[in-house]
Amino acid sequence: MGFRVYASRRIVNTIIVLLITITLQFLIFRIVPGNPIAHFISPNLPLEARQALLQMWGLDRPLHEQFFTYIYNLFSGKLGISFISQRFVSDELMERLPNTILLMGSSAILTTALGISLGVSAGSRRGTRRDIVSVTFGLLTEGLPVFFLGMLLLLTFAYYLPVATGGLINFPVAGTVSRPPPTSLPIYVLDMLWHLALPMITLVTIGFGGYTLIVRNLMIDVLTQDYILTAKAKGLDSRTIIYHHGLRSILPPISTMIGLSMSGVVGGAVITETIFSWHGVGRYLYEAVLQNDYPVMQGTFFILSLVTILSNLAVDFIYGLLDPRIRY
Amino acid sequence: MDEILFVFHATPEAAVAAIRKGDIDILSDIYRPSDVEALSQDSSLNITFSLQTHYCYVAFNTRSAPLGDKQLRKAIAHLVPRQEIANKLFGGITVTPMLYETSPAFGKWHNPDVVVYPYDVTKSKEILASAGYSWTQDGKLRGPDGKILRRITFISPTQEEAPTSYEIAKLVVEEMKELGFDAYQEGVAFDSLLTRVMTERKFDIYFLCVSNLGRYPRWLYDYYHSSLDVPDGDNTPGVRDQDLDQLLYEFRFESETEDEARAAVWKAQAKTADLAARTPVYSRYQIEAFSKGWAGMIQHKGIGYFTSGAFWTYLNLHRAGTDKGGAVKIDVGGRVRTLNPLYGTGAYEQKIIGLIYDSILASDPETGDPIPYLADSWKIESADTGAAKGQRITFNLVRNASWQDGAPFTSRDIKFSMEFLKKYKIPIFLSTMERVVQVSTPDEFTVEIVMNGTSIFNLIDAGGAMIIPEHIWKNVSDWRTFQPDREPHPSKPGLTKMVGTGPFILSEEKPGEFWRLKSNPAYFKRLPLTKPEAESTRRDQPVALLNPPLIATMVVACVIVFGLLVWKRRFRG
């Protein structure tokens, strides 16, 4: 079977998986207990007004009609209209997506880079102090609850230290930019990076340990292989052996890990976004789940599913490039 | 003020840190005792406590035995340990125990002469005994028929979702068990709880809170009229009392004068108190903090100084020692999802919307009575609306008001607004607009609104309806998805379509983060300012050198540095 046949099969499978996912997403949210109107229950909004809202949201229509509306909304590009805000879900997502991609993307890059480099370093120096320190530190930080670390960093660097140092060390308490933001573009960018620092440090600290441990174990396994021994016998330097032969061999599983984490780049991190008041997709989705805002849940999960499925597809295709042993 | 900047903080920790650090000037809706204590110790801040129309209650399902027995409900109402709840769960600071369903925050609408049920186990036993209940030898409660009472289930949110509500239910159940009830607490996911209570009516007892009940206890109608004893109606206990129905209807729809309305609602409160279908537990204070150096804030009865609805404060707020001008930063309090004035009903959205759009009448901050605003006078006459009695309300508008883009404000805008709200059946104005029969404009500054019914609330509702500019909204194809703050004004650069007649103009926003309002230079009101007070200026933040997190951080840093030095010396030679 050539690559073309393999690719066609994978694409068809992907479409089927996507359609099943879309259908399940619609049904699951209808089955889960909860009523979207619950968010509006208040004596100030009498019963007839609440019933009018349900009509406006289309929840009084038959299920199959709601399903067709849902499919139309997904593929029309607007992803539906939020019950809570009456805004197009796509507009609300586009408002938040840049913030989430900035935070999660930069954190993912740093986490991956740090985790892989530490893992390679530790795995190629097994049993040394570097290895022990990397593993210990990785395990410690991996086990830290993100809300604990985030809150500790926020209060320390955004409140106590600014007060203690008279503003010499002063990280922001909330937001993606200062309120009001600087008008000059370079200063605006710097201001944004300054606001990004604490949430990014939180995510990288929590996240790099997992990569470190996995890459370390993969490296240890790979470095015991015969071809590594052959490379050593050939007189290759250790740097070439570790990076050109060792790391190259473990790239396929690492790329799978990276591929699976792609949806997180879009989906956000609800706890970190909450602690740092970061206007992102994670918190948006969390609130939609609490408020039974079906269009938001459906639209956002559709995007996340799409990203996950396409990432997996891309990883499958990339495998052949990374590992020449793989033939279709 | 020249400028108001509303900013969003997603957690109370961030908001409290922001005000202590000086990033913001005003913080409302403080509810955690630890935050109140921390802010109280900050000498650069003032803290205020205001009664608000927030209300937490225990409700009984009167449809089934034994809770259909009023005496049993009264006995259980006497078992609610309100003071213990306030002290144990709220530090004795942030809430006040409530005995009245319509609290004193409602001012003249509150009837203080109703039967109340303070915590009193002895009284509870007396009520039960006199109602024919008795106890078995092992302390189990028996009904008047001699049979042991069935299990009574108290549903509450789960401990994970709402630990305070869970604990409150637990305390009440424990008290009930002590008295011999076979009481059981069931923690239920909040969504399921609402479904069981509101839709299915499958409950015995539940605990819930409501807030922002408005200035008038009109919600009593929704809570107790038998017509609302339907799935999703607010009469969850299932009260069906003809006399009460009559009183509530009279209060809500028929009272032509304030005295009539008051008389009806006071009698209704006496009835509901006697029925004991709900028993109040506590009401949360509106706790607000603001940095020293500000003056001109006005307490709004049942609301507070700065929170949503505290309109007059923002018209008068100024730096102490000056009579006008300045910029203030305020925590908005919660997520602002839309600034569409026809849909943004949340308290946080209203903080912003309420400063951009005016209404025909305003409310007196002390009494809540309607006072002239966009209308400087009005007249009410009887009208024949066909089937029922009605009213014609004639508003005489001020002549110097204008929209923020300079277009004149006239009676046509009011006619357009009301017809727009009615045509599209905008949900939040539905009950008001259903009563509007006709709107006419004899001239540019006079508008006549004919409404069904003769209630005093016709004036209040008509006077409080959202007034939107015809020249902007007549071209709106879908009012639901229209976001006036996101679309540029068609002819005025620098403005958006979010144009009102209000004292502030939306000048900048970053969605989800901040909203910047600047004062409207052409605002039609020139309000008397409060006398500048001799407030102390804001003190510099004291350097908190001895706080535990800082010490811990410094210790850890020292250990790391020392460890590195030792390692370097020992292993590197």
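Which residue in S10(B) is the bridge partner of Phe60(B)? The partner is Ile205(B). This is a predicted model: local features need pLDDT of at least 70, side-chain atom pairs count only at pLDDT 80 or more, and totals for chains, interfaces and linings use all residues. Residues are numbered from 1 along each chain as its sequence is written, while chains are lettered from A and ligands numbered from 1 in the order in which they are written.

**The sheet of chain B**

- An open sheet of 6 strands runs in the order S5-S11-S4-S10-S8-S9 (chain B), with mixed pairing.
- Strands (E, at least two residues) and helices (H or I, at least four) are DSSP runs, numbered from the N terminus.
- Two strands pair if DSSP finds at least two bridges between them.
- S5 (95-97) and S9 (183-188) of chain B are the edge strands, and each pairs on one side only.
- On average, neighbouring strands of this sheet are turned by 25° against each other, direction ignored.
- Axes are lines fitted to C-alpha atoms, for helices over the stretch in contact; angles run from 0 to 180 degrees between N-to-C directions.

**Strand S4 and its partners**

- S4 (55-60) and S10 (205-210) of chain B pair in the antiparallel sense over 6 bridges.
- Within S10(B), Phe207(B) stands opposite Val58(B).
- S4(B) also pairs with S11(B), in the antiparallel sense over 4 bridges.
- There, Tyr57(B) has Pro280(B) as its bridge partner.
- S4(B) is mostly covered, with 6 of its 6 residues buried.
- Buried means that 20 or more other C-beta atoms, placed from the backbone, lie within 10 Å of the residue's own.
- Tyr55(B), Tyr57(B) and Ala59(B) point one way from S4(B); Cys56(B), Val58(B) and Phe60(B) point the other way.
- In a regular strand the side chains alternate between the two faces of the sheet.

- Helix H7 (190-200) of chain B lies across S8 (152-157), S9 and S10 of chain B.
- H7(B) runs at about 135° to S8(B).

**Contact between chains A and B**

- Chain A gives 50 residues and chain B gives 58 residues to the contact.
- Residues are in contact if their C-beta atoms, placed from the backbone, lie within 7 Å.
- On the chain A side, H2 (47-56), H6 (146-164), H11 (270-275) and H12 (281-291) of chain A are the elements that give two or more residues.
- H6(A) gives the most, with 10 residues.

Definitions and conventions:
Contact = placed C-beta atoms within 7 Å. Buried ≥ 20, exposed ≤ 12 C-beta atoms within 10 Å, placed from the backbone.
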